[in-house]
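Morning, everyone. Please have a look at the structure on the screen, and then I'll take you through it.

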Amino acid sequence: MTLQQLRYFLSVADSLSFTKAAKENYVSQTAVTRQIQILERELGAPLFARNTAHVKLTAAGAYFCTACQEIVRIWERAAIDVRHIARDHTITLALPTAVEQEIVVGPVRDFRAEHPEVSFSFVSGVRQELINDLVESKIDLLISMALDLPDLSGLQKLSLPPAHAVLMMSSLHPLAKYPCVSPSQLEGETLVASCSSSIAPTHERMNAYYRKLGLGKNAVVYTDTFSSMVLMVETGIGVAVVPSNLRNRLSTGLCFAELEGPRQQMKFVALCMPDNPNPCAQDFFAFLSRYKKADEMG
């Protein structure tokens, strides 16, 4: 006995027509008839008295119809409850780019080891739009580079372990064989940078760092997205200064080298609404705090 058989039976019982029941369920009349016959054989009783002109419920069919309505109602209610439970145990986590994705690999894996019933849904996009989604409760948490962020008052904020700036280049670049590169070796190189922020001039911050390294005279090309920046580097258009954690996230066609000179720290922050009704999101935010402390102690 299957749920679909019960639904076919209820359709016929409601309309007293195999033809109408078939149309309601978008199947052939033969399919409905066959499933009802299987159901009758399994129950050991005819459910319908039918001839060429009429279809009506037998006494057994009328009894079964009442019971069947209750069975389907219970199943549908249970299906709704299951979806609600699943949704309540899902954390929607926003990670604007691959830069932030590497940050969460360990924490999400370890959190799910303790809470296997919790699922994660990941979204990406423009940081400012994701912050708006966070405030509007469309997402549960946001992890972002702490660069050019707007006023975050009213949000729960947690500083995460920082990364430092390294050089990203094509694996075919002449400098790819060096684990550490000096600014003098980058003379004449085009620097590729992502400048997608609408809140503050990211390029001014990076240009100040370039000047500290002695790269103030290098040509700089700005892209709208981080993925475009990666593509430009991989195709040999230029090199880029990126957070060191990307060495674990990106590998194909790319390589990374330490930069001689002043080390640029790149900080990250986790954000959550204090009144987020999702208890799993609050648990994960607290877990991130403990995870950070454990990382610092290690």
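First, a term: the radius of gyration is taken over C-alpha atoms, and the globule rule is 2.2 Å times the number of residues to the power 0.38. For 298 residues, a compact globule would come out near 19 Å, but this protein has 30 Å. Its C-alpha trace spans about 95 × 40 × 35 Å along the principal axes.

A word on the source. This is a predicted model: local features need pLDDT of at least 70, side-chain atom pairs count only at pLDDT 80 or more, and totals for chains, interfaces and linings use all residues. Residues are numbered from 1 along each chain as its sequence is written, and side-chain values use heavy atoms, with hydrogens and water left out.

The protein has 10 helices and 12 strands. These are DSSP runs, numbered from the N terminus: helices are H or I, at least four residues, and strands are E, at least two.

Now the salt bridges. How many does a search of the whole structure find? It finds 7. Each is a side-chain nitrogen of Lys or Arg within 4 Å of a carboxyl oxygen of Asp or Glu.

Take Glu76 and Arg7. Their closest N and O atoms are 3.4 Å apart. This pair links distant parts of the chain, helix 4 (residues 59-88) and helix 1 (residues 3-15), 69 residues apart.

Next, Glu70 and Arg73, with closest N and O atoms 2.7 Å apart. Both sit in helix 4, 3 residues apart, about one turn of the helix.

Last, Glu258 bridges to Arg247, at 2.8 Å between the closest N and O atoms. Strand 11 (residues 254-259) holds Glu258, and helix 9 (residues 246-249) holds Arg247. Shared partners join Arg247, Glu258 and Arg263 into one network.
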